[in-house]
Amino acid sequence: MGKKKSLKRNLIEWAIILVIPAFLYLTGLHIEVIGQMQRMLLWTGIIKPDISLPPEKQIPAAYDLQLVTPKGAPISLEEFKGKVIFMNFWASWCPPCIAEMPTIQNLYEQTHSDKVAFVMISLDENPGKAKDYIQRKAYTFPVFFPAGNFPVQYESRIIPATFVISPDGKIVMERKGLANYSGQQFIDFIKSLERQ
């Protein structure tokens, strides 16, 4: 009798262990759950972007990146030339991208101005999913979609991928993978570039 209860209990435990992940996966909530777990890691302050590339590793930015706005209007990175550009490649299906989004929203609220441009480039195959995600989360930074190939300077096999371009046209920060962009040190870094 004790063995039957033990076997029944084990079967129930295993069913729960298998059903919850299956439910999360089938509903698409697994991305949000993984993103939330990674977000908790970000808030510890352990994962921070390196503030600046050494001058010998700074390369000229490519402004010939062609984009489209959510309404379908063409735009080029050239239109932001002379500003500090915070450029991030992301996707709504990418848990690390989702994890760092609140930190980018905070950075945006602290630093965007007529001298600082945010270029958040969604790599979602279906732009509607990216638009829905941004609207659902009430993010206010501008989102764009690629309208052609990426210049070599911005190619990455990893997303999120983030680049900061100085007003004089150099890539001064590059980060492949998630990071917390809402720390005061990074906010001060963006503001210092703005004063150049």
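This is a predicted model: local features need pLDDT of at least 70, side-chain atom pairs count only at pLDDT 80 or more; totals for chains, interfaces and linings use all residues.

Trainee: Backbone, then. Which residues does a cis peptide bond join?
Mentor: Ile159 and Pro160, with omega at about 0 degrees. Pro160 sits in the loop between β6 (143–146) and β7 (161–165).

Trainee: And what about phi of Ala138?
Mentor: Phi there is near 60 degrees. That is a positive value, and the residue is not glycine. Most residues other than glycine have a negative phi.

Trainee: Where is Ala138?
Mentor: In the loop between α4 (127–137) and β6.

Trainee: Is Ala138 buried or exposed?
Mentor: Exposed, because its relative accessible area is 56% and the cut-off for exposed is over 50%.

Trainee: Switching to α3. Where is the kink?
Mentor: At Met101, shortly before Pro102. The kink is about 35 degrees.

Trainee: How far does α3 reach from its first C-alpha to its last?
Mentor: 25 Å, close to the expected 24 Å. The helix has 17 residues, 95–111.

Trainee: How many residues of α3 are buried?
Mentor: 13 of the 17, so the helix is largely enclosed by the rest of the structure.

Trainee: Now strands. In what sense do β2 and β6 pair?
Mentor: Antiparallel, over two bridges. Leu67 stands opposite Pro146 in β6.

Trainee: And β5 with β6?
Mentor: Parallel, again over two bridges. There, Met120 has Val143 in β6 as its bridge partner.

Trainee: Which unit do β5, α4 and β6 make?
Mentor: A right-handed β-α-β unit.

Note on methods: Residues are numbered from 1 along each chain as its sequence is written. Side-chain values use heavy atoms; hydrogens and water are left out. Helices (H or I, at least four residues) and strands (E, at least two) are DSSP runs, numbered from the N terminus. Buried means under 20% relative accessible area, exposed over 50%, partly exposed in between (1.4 Å probe, protein chains only). The expected span of a helix is 1.5 Å times one less than its number of residues. The bend at a residue is the angle between axes fitted to the seven residues ending there and the seven starting there. Two strands pair if DSSP finds at least two bridges between them. A crossover is right-handed if, with the strands pointing away from the viewer, the path from the first strand over the helix to the second runs clockwise.
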